[in-house]
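Load the model in your viewer and keep the selection panel open. The stops below cover pockets, a helix pair and a cavity.

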Amino acid sequence: MFKLVVNVGIIGYRNHAQRLISLVETNSECKLKHIFHPNKKIDDFRGTDNFSDLLECDVIIISSPNLTHYEYLKKLKSFTGYIFCEKPPAVSLEDLNELKIIDDTRKRKTFFNFNYRFSELNEIFRKYLNSEEIGKIIYIEIIGSQGLAFKQEYVGSWRADGTNNRFNLLDTVTIHYLDLINQHFGNSKNQFYFPKLISTNGTSYDTGHLLLEYDGFNVSIINSYATPFIGELSIIGTNGYISIKNNILEIRTPRNTFDENNFFISPPILLSKKFNMQDDYSLSLKNSFDFFISHVLDKKEFDMLLYETSMKTTQLILELKK
């Protein structure tokens with residue numbers, strides 16, 4: 001029986017693009033045909049600096065610096081295949097507004113990779129937020145950080161370029177968590193963002209603290225490229241809480257747990273399991289890519305809600321930059 005193989009071209013070749021290249025190469029239903037860079041010779045027989053080579057592919061992946069995403073989407077306006085574009089779709093409100101009004105046919109074949117939508121963390125949110133075990137949510141805190149800003153290759157990278165990419169962490173990392181929260185609670189009432197350059201390596205902010213106010217609870221998201229690796233989460237409710245720390249996920253409930261003197265004590269453990277937020281990111285990336293490829297193979301269009309939600313999340317991020 002004939003097996004359909006999807007021809008894939010990718011814009012980008014290092015770092016995150018390399019993760020996507022690996023996903024393409026390990027998928028038996030995909031063939032990586034071209035790796036495009038506009039001005040560098042890639043040490044790979046599939047490398048090309050001819051943009052028109054990409055147009056013969058069924059799928060084009062955009063995994064280049066954030067600043068270039070909109071320009072490539074604009075160049076692919078007449079492309080009839082599928083597009084997998086890394087977030088953010090655009091880095092200015094003007095460009096984002098242009099993406100909002102493109103043809104619906106194009107929108108239905110364009111997928112923006114907010115891959116935390118496909119994470120185990122998202123499933124935990126879906127199952128336990130405002131559940132009987134946790135109760136009404138009163139506070140959520142997420143800390144995701146690492147020491148990238150102290151690596152030698154960071155200083156000369158696009159991420160460290162404050163002229164073109166001043167809010168690189170907000171665009172690249174925080175946007176994922178904001179999108180995850182908004183999937184479940186909608187847009188926040190108020191947002192406060194506090195960016196800082198801690199490492200002094202490069203000129204873009206390498207640390208940021210986002211505070212979100214919703215009806216009845218607040219969210220704190222701290223991301224940094226200037227610390228040791230930290231992947232932690234706390235969700236506190238009126239009847240229980242969820243914590244991820246030191247690669248262990250725990251759920252404790254109920255609130256009314258007492259000692260022999262009738263004082264409140266920590267509730268018993270409902271669930272305890274190993275949980276690595278870095279591994280969850282890698283798995284969610286694969287899940288997101290598989291979801292995308294399944295639509296390509298079935299020649300299905302994407303739900304317009306995915307496109308519209310991506311626009312809303314990106315708009316919030318861009319408004320924070322003001």
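Start with the largest pocket, whose volume is about 1,300 Å³. The model is a predicted one. To centre the view, select N15, H16, R19, R159 and Y225, which lie nearest the centre of this pocket among its 47 lining residues.

Next, colour the elements around the largest pocket. Those that each supply at least two residues of its lining are the helices α1 (16-25), α2 (69-75), α7 (168-185) and α8 (277-297), together with the strands β7 (137-145) and β11 (230-237). Which of them gives the most? It is α7, with 5 residues. Colouring the lining by class shows 20 polar, 19 nonpolar and 8 charged residues.

Move on to the second largest pocket, with a volume of about 270 Å³. Select L73, K74, K77, E98 and I102, the closest to its centre of the 14 residues that line this pocket. At least two lining residues come from each of α2, α3 (93-100) and β6 (110-113), and α2 has the largest share with 3 residues. By class, this lining divides into 8 nonpolar, 5 charged and 1 polar.

Now return to α7 and show it with α9 (residues 304-320). How do the two helices cross? Their axes come within 10 Å, at an angle of roughly 125 degrees. Because of that angle, α7 counts as oblique to α9. The crossing of α7 past α9 is right-handed.

For the contact itself, select two sets of side chains:

- On α7, take L170, D171, I175, L178, D179, N182 and Q183.
- On α9, take T309, T313, T314, L316, I317 and L320, which the α7 set meets.

Sorted by class, the contact of α7 with α9 holds 6 nonpolar, 5 polar and 2 charged residues.

The last stop is a cavity. How many cavities of 30 Å³ or more are there? The count comes to 1, and the largest cavity has a volume of about 40 Å³. Select T110, F111, F112, R117, F302, L306, Y307 and S310 to show its lining.

To finish, keep β6 and α9 displayed together. β6 also supplies at least two residues to the lining of the second largest pocket, while α9 has its contact with α7.

Technical notes. Residues are numbered from 1 along each chain as its sequence is written. This is a predicted model: local features need pLDDT of at least 70, side-chain atom pairs count only at pLDDT 80 or more; totals for chains, interfaces and linings use all residues. Side-chain values use heavy atoms; hydrogens and water are left out. On a 1 Å grid over the protein atoms alone, a cavity is a set of points where a 1.4 Å probe fits but cannot get out, and a pocket is an open set with protein on both sides within 12 Å along at least five of seven lines; lining residues have an atom within 4 Å of a point. Grid points are joined across faces, edges and corners, and a volume is the space filled by probe spheres set on the points. Helices (H or I, at least four residues) and strands (E, at least two) are DSSP runs, numbered from the N terminus. Ala, Val, Leu, Ile, Met, Phe, Trp, Tyr, Cys and Pro count as nonpolar, Asp, Glu, Lys and Arg as charged, and the others, Gly among them, as polar. Axes are lines fitted to C-alpha atoms, for helices over the stretch in contact, and angles run from 0 to 180 degrees between N-to-C directions. Angles under 35 degrees count as roughly parallel, over 145 as roughly antiparallel, 65 to 115 as roughly perpendicular and the rest as oblique. A crossing is left-handed if the near helix is turned anticlockwise from the far one by less than a right angle, and right-handed if clockwise. Contact means heavy atoms within 4.5 Å.
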